[in-house]
Amino acid sequence: MTTDPKLERVFQMRYGDIDGLYQTKVERKGHTREELDHVLTWLTGYSTEQLREQAASPATLREFFADAPQMHPNTDLVTGVICGVRVEDIEDPLMQKIRWMDKLVDDVARGKKMENILRS
């Protein structure tokens, strides 16, 4: 458990709330739920059905990542800036996972090519 109350507040956010915001963001920019699911399944190893179950559950971001089947082995290739912070420089492992997810969703919303987003 982290001792930083600001981080802990983020970690206790409900995944379903964040998922809804992500969906709104990508759709507002002309992209699809399927594209969003593609990057989230790549990152976490959840199936699309499991993502829906997580979103419908009371799972927090901490629980969402703790229960993730398997983080993709290329997550260390996710680089860039989110909220003015380089994701590769984030020290807290859970916050780094959350920011990786944010970065991938931003890339979808910006219309980057999927092979670039998934670092293939």
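R99 is partly exposed, with a relative accessible area of 22%, where partly exposed covers the range between buried (under 20% relative accessible area) and exposed (over 50%), computed with a 1.4 Å probe on protein chains only. This is a predicted model in which local features need pLDDT of at least 70 and side-chain atom pairs count only at pLDDT 80 or more, whereas totals for chains, interfaces and linings use all residues. Residues are numbered from 1 along each chain as its sequence is written, and side-chain values use heavy atoms, with hydrogens and water left out. The structure holds 12 salt bridges, a salt bridge being a side-chain nitrogen of Lys or Arg within 4 Å of a carboxyl oxygen of Asp or Glu. Side chains of opposite charge can pair when their charged atoms come close.

**The R99–D102 pair**

- R99 and D102 join their side chains in a salt bridge, with an N to O distance of 2.8 Å.
- The two residues, R99 and D102, are three residues apart in helix α6 (residues 93-109) and are therefore separated by about one helical turn; helices (H or I, at least four residues) and strands (E, at least two) are DSSP runs, numbered from the N terminus.
- D102 counts as buried, at 14% relative accessibility.

**The D37–R52 pair**

- Between D37 and R52 there is a salt bridge whose closest N and O atoms are 2.7 Å apart.
- This pair links distant parts of the chain, since D37 belongs to helix α3 (residues 33-44) and R52 to helix α4 (residues 48-56), 15 residues apart.
- D37 is buried, with a relative accessible area of 5%, while R52 is partly exposed at 37%.

- D107 and R110 form a salt bridge in which the closest N and O atoms are 3.6 Å apart.
- D107 counts as buried at 0% relative accessibility, whereas R110 is exposed, with a relative accessible area of 55%.
- Through salt bridges that share partners, K25, K103, D106, D107, R110 and R119 are joined into one network.

- P58 lies in the loop between α4 and α5 (61-66).
- At 69% relative accessibility, P58 counts as exposed.
- P58 and G16 are 42 residues apart along the chain, and their C-alpha atoms are separated by 7.4 Å.
- Leaving aside neighbours within four places in sequence, P58 is in contact with R14 and E63, contact meaning heavy atoms within 4.5 Å.
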